[in-house]
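Dear colleague,

Please find the structure below, handed over for your use. My notes on the findings follow directly after it.

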Amino acid sequence: MPGTRKLGRPTAHRKAMMRGMVTLLLENGQVETTLTRAKEVRSIAEKMITLGKKNTLASRRAALAYITKEEVVTKVFVELAPLYAERNGGYTQIYKLGPRRGDGAEMAIVKLIDYVKPSAKKEKKEKKEKKVEAPALEPTK
């Protein structure tokens, strides 16, 4: 059952770690961590996106109570919630990476499905514009 793993940390430390990781995931679109932490982060992040889909004052306050940055809460309600409006859950994927070199812990990446970073969108537009503006070849003498 999600939310019951202790992760070898005291309660306050564990809650602070999860809040930070969920904020990082929603801000960047992906986070690399251990497999057990990834499973915990996934369940909490999906709850935050579901709050964004409700888009009420109470849901915004609930998200602000958990997510540590106000701009990330705004991003959840403005960008992510409309992106996942047609989807009923399953907003994240976990990719297993294999064991960590130092201690052999199973590593994983948690990603938001169908999410493209805004900087990546700009780069794609620039590449398309460069292809269109290709100069014509001049005849050689």
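Ile 94 has Val 110 of strand β3 as its bridge partner. This pair belongs to the pairing of strand β2 (residues 92-99) with β3, which is antiparallel and extends over seven bridges. Please note that the model is a predicted one. The two strands make up a hairpin, with six residues between them. In the turn of this hairpin, Gly 104 has a positive phi of about 80°.

On its other pairing, β3 is joined to β1 by five bridges, and these two strands also run antiparallel. One point of reference here is Thr 34, whose bridge partner in β3 is Met 107. Taken together, three strands form an open sheet in the order β1-β3-β2, with antiparallel pairing. Strands β1 (30-34) and β2 are the edge strands, as each of them pairs on one side only. On average, neighbouring strands of this sheet are turned by 20° against each other, direction ignored.

I turn next to the helices. In general, the packing of two helices is described by the angle between their axes and the distance between those axes.

Helix α1 (residues 11-28) and helix α2 (residues 35-54) have axes that come within 9 Å and cross at roughly 65°. That angle makes α1 roughly perpendicular to α2. The crossing of α1 past α2 is right-handed. From α1, the contact is made by Met 17, Met 18, Met 21, Val 22, Leu 25 and Leu 26. From α2, Arg 37, Glu 40, Val 41, Ile 44, Ala 45, Met 48 and Ile 49 take part. Sorted by class, the contact of α1 with α2 has eleven nonpolar residues, two charged residues and no polar ones.

Helix α1 also packs against helix α4 (residues 70-83). The angle between α1 and α4 is about 45°, and their axes are 10 Å apart. Helix α1 is therefore oblique to α4. This crossing of α1 and α4 is left-handed. Thr 23, Leu 26, Glu 27 and Asn 28 in α1 meet Val 72, Lys 75, Val 76 and Leu 80 in α4. The residues of this contact of α1 with α4 comprise four nonpolar, two polar and two charged.

Which residues of α3 meet α4? They are Ser 59, Arg 60, Ala 63 and Leu 64, and they face Glu 70, Val 73, Thr 74 and Phe 77 in α4. The axes of α3 and α4 come within 9 Å and cross at roughly 140°. That value makes α3 oblique to α4. The crossing of α3 and α4 is right-handed. By class, the contact of α3 with α4 divides into four nonpolar, two polar and two charged residues.

Two loop residues also deserve mention. Most residues other than glycine have a negative phi. Asn 55, although not a glycine, has a positive phi of about 55°; Asn 55 lies in the loop between α2 and α3 (57-66). Asp 114 is not a glycine either, and has a positive phi of about 60°. Asp 114 is located in the loop between β3 and α5.

Finally, a word on confidence. The chain has an average pLDDT of 89, and 85% of the residues score at least 70. Confidence in the chain is highest in strand β3 (residues 106-112), at a mean of 97, and lowest in helix α5 (residues 118-132), at a mean of 65. Where pLDDT is low, the predicted coordinates should not be read in detail.

With kind regards

Technical notes. Residues numbered from 1 in each chain as written. Predicted model: local features only at pLDDT ≥ 70, side-chain atom pairs only at ≥ 80, totals over all residues. Heavy atoms only, no water. Axes fitted to C-alpha atoms, helices over the stretch in contact; angles between N-to-C directions. Helix = DSSP H or I, 4+ residues; strand = E, 2+ residues; numbered from the N terminus. Parallel < 35°, antiparallel > 145°, perpendicular 65-115°, else oblique. Left-handed = near helix turned anticlockwise from the far one by under 90°. Contact = heavy atoms within 4.5 Å. Nonpolar A, V, L, I, M, F, W, Y, C, P; charged D, E, K, R; others polar. pLDDT = per-residue confidence, 0-100. Pairing = 2+ DSSP bridges.
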